[in-house]
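Reader: I would like to learn how to read a few features of a protein model in turn, with the general idea given before the particular case. Could we begin with charged side chains and how they pair?

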Amino acid sequence: MVRTLHIAITLSLLLIGYGSIIVSAANQTPSQEITKWQMKWGAETGNKEIPWSEGQQSWINVDSMNGLPELPSDVSAAWTRISLPNFKYVSPSVYIDTLYALHVKVYVEDRLIFEEDRKYIKDNYSLLLPLSKEDNGKTLYIWTATMQDRIGIKDSVVIGEHSQLINDYIGNGLSDVILGCAFFLVAIVLFISALYINKDYFSSVASLAVVIASTGILSITYSPFIYTFYNKLGPISIVCLDLALFSLLPALTFLFEKLFGSGKFGIIRKFRQFQVLYSSFCLLCLFINLLSNNRYIEFYYFVSTTIIGVVFILQFILLIACVIMFSLKGNKDAIVFAIGFGVAAFTVVAELLWYYIHKGNYDLFLWKWGLVAFIISLIVILERRLAYSHQQVLNYSRELERFNNELERSEKMEIISELAASVAHEVRNPLQVTRGFLQLLSEKSVSEEQIYMSMALSELDRASNIITDFLTFAKPEFETVSSLNLYDEFKHIESIMQPLCHINGGKMILDVSGQLWVKGNSSKFKQAFINIIKNSIESFNEEGFIYMSVYGEDDKVIIHIKDNGEGMDADVLHRLGEPYFTKKNKGTGLGLMVTFRIIESMQGEVRFTSKKGVGTESITILPLAEAPDDSYSL
């Protein structure tokens, strides 16, 4: 609760500070910037008499524009002397953006105004020190001690109104904390989401969550904001920073391996295994150093900062080389990865090199924005992978539904074909005998009886045709198979169906492209398409037409039969080919069922499209056959 209140107060101060700038900026005196001061390599403790009376011999002049003076190898403490200018501020303060030290004491003349001693390796201080009006023109003494290779004030010192300087003081590193918290929240959401996705993608999404969370923790714990306002959390923050760094490197390599593979000779996998071992070694050194109360802090700093920075550079170079090779092969994910990773690699490697060139006298700050671009590219890649996987699932579900429908239809057809075959064989012979006797009786009947005999014979013929359809459906295999010239077959079909089409007020158009051949039985082939065309004719309303188009495409023959009849609704269209389903008042519904069976037996497929009031089109696809040796082209 206290910590929450502290955070709330800090944020309130930020808002108040920004508000005070807007309200009172016009009435405030501009701040004064100090860029030059003096330094003296001093005693190991700041408790001795302040050396303002020792003359000028041991002091060296420092200009912030030239950077920090190099710390001698046998020195770990220094005094800094700053002459305060004349000022007329209501609430004067001195603001130091960055001061490198672990132990700091600040005096105005001989009056101590600030002291802090850090027991952990984080030497970046940000100071806002209130002054009094009586401090005008006095000298500011800062004693600093460190265990690292840098010490002193990095940039200029600013004197001004407290209400103005507090904004810079609070805002120093706050954006890093906000960015890190955003990263951490995204990582939590991503990890929770990983629990509900396909297990094949769990490791990739989980490793991405670790990369994002580690980046967020690095951004938070590297920020000076934490150590300025929450100094007591400093040791915990340092441990969290190291743990995040130890997790980030192997997790990043593992994610790359999951996305693009192990690389040639398994180099990515081997490097990841090395990183896991080295991170484990660093983790062991961390615990040993903590248990020994920082006795081995210098060795641990060398292992966990200096060497791991070199490992980081090697990792980036390796991954960049691999991603360039993948990009050259046209891998789109690799191109996206290359863009994001290239931005991150350039900023991180450049900053690390700059850090080493300046012998640690540099604060890394651009790396987090490079990692933002990189994380966005990783999210885009995973989103592409998940979208592709989702589309595959949809395609598989459609295929499964189609296979289930085909299986259900096949089972129905199997049952009906067995029933049809048995019934047809048993019924056809009695019908033929009955028809023969009726034919004999009709020859001896009077004219009035012959009318009834003729009707009976007609119905027997209709029953015989139905039985023939049953047998065709039950046994679609052809007794004789030959090469069929589609032009000849459809000219014959056209001549058969043309009179019926004219009677119903329609016309037929035939368009056959070239010499096309298929394998099948001519009689069965004609029966299949006569059934389709007959249905089209029976659907005419007024002036109807039937357009028959036949053409070849690769190794297939495509046959379109299109009409402008009354059309069908989707539910009717879906049931076409089912036994005993028909829209007509008379009929068994076996016609299209037989058509489907004949086309299937020819290794083809037929499908229908229709719209109510517009018309219907059938599309039949059959394997293209080679022309027989005795054929010729026109």
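Author: Side chains of opposite charge can pair when their charged atoms come close. In this predicted model, Arg272 is a case to begin with, since its relative accessible area of 18% makes Arg272 buried. The side chain of Arg272 meets that of Glu257 in a salt bridge, with 2.6 Å from N to O.

Reader: Is Glu257, the partner, buried or exposed, and which elements does the pair link?

Author: Glu257 counts as buried, at 12% relative accessibility. As for the elements, Glu257 lies in helix H6 (residues 234-260) and Arg272 in helix H7 (residues 267-291), so that the pair links distant parts of the chain, 15 residues apart.

Reader: Which residue forms a salt bridge with Glu489, and where do the two lie?

Author: The partner is Lys526, and the closest N and O atoms of the two are 2.6 Å apart. Because Glu489 belongs to helix H12 (residues 486-503) and Lys526 to helix H13 (residues 522-538), the pair ties together parts that are 37 residues apart in sequence. Both Glu489 and Lys526 are buried.

Reader: How should I read the salt bridge between Glu115 and Lys105?

Author: Here the closest N and O atoms are 3.8 Å apart, which has to be read against the cut-off of 4 Å for a salt bridge. Glu115 sits in strand S7 (residues 111-117) and Lys105 in strand S6 (residues 103-108), so this pair ties together parts 10 residues apart in sequence. Lys105 is buried, with a relative accessible area of 4%, whereas Glu115 counts as partly exposed at 44%.

Reader: How many salt bridges does the count come to, and which residues are linked in a network?

Author: The count comes to 10 salt bridges, and a network of them links Arg111, Asp135 and Lys138.

Reader: What does Asn289 touch, and in which helix does it lie?

Author: Asn289 lies in helix H7 and is buried, with a relative accessible area of 2%. Leaving aside residues up to four places away in sequence, Asn289 touches Asn294, Arg295, Tyr296, Ile297 and Tyr300.

Reader: Which residues make the nonpolar surface patch, and which helix gives the most to it?

Author: The patch, of about 810 Å², is made by Phe184, Leu185, Ile188, Phe191, Ile192, Leu195, Tyr196 and Phe202. Helix H3 (residues 174-194) gives the most, with 5 residues. Tyr196 is in the loop between H3 and helix H4 (199-222), and Tyr196 is exposed, at a relative accessible area of 70%.

Reader: Backbone angles are a further feature to read. What is phi of Glu109, and what is phi of Gln603?

Author: Phi of Glu109 is near 55 degrees, a positive value in a residue other than glycine, and phi of Gln603, likewise positive in a residue other than glycine, is near 65 degrees. Glu109 lies in the loop between S6 and S7 and counts as partly exposed at 26% relative accessibility. Gln603 is found in the loop between helix H15 (590-601) and strand S17 (605-611), and at 63% relative accessibility Gln603 counts as exposed.

Technical notes. Residues are numbered from 1 along each chain as its sequence is written. This is a predicted model: local features need pLDDT of at least 70, side-chain atom pairs count only at pLDDT 80 or more; totals for chains, interfaces and linings use all residues. Side-chain values use heavy atoms; hydrogens and water are left out. Helices (H or I, at least four residues) and strands (E, at least two) are DSSP runs, numbered from the N terminus. Buried means under 20% relative accessible area, exposed over 50%, partly exposed in between (1.4 Å probe, protein chains only). Contact means heavy atoms within 4.5 Å. Patches are made of residues with over 30% relative accessible area and no salt bridge: like charges are joined within 9 Å, nonpolar side chains (Val, Leu, Ile, Met, Phe, Trp, Tyr) within 5 Å. Accessible areas come from the Shrake-Rupley method with a 1.4 Å probe; for residues, only the protein chains shown count as cover.
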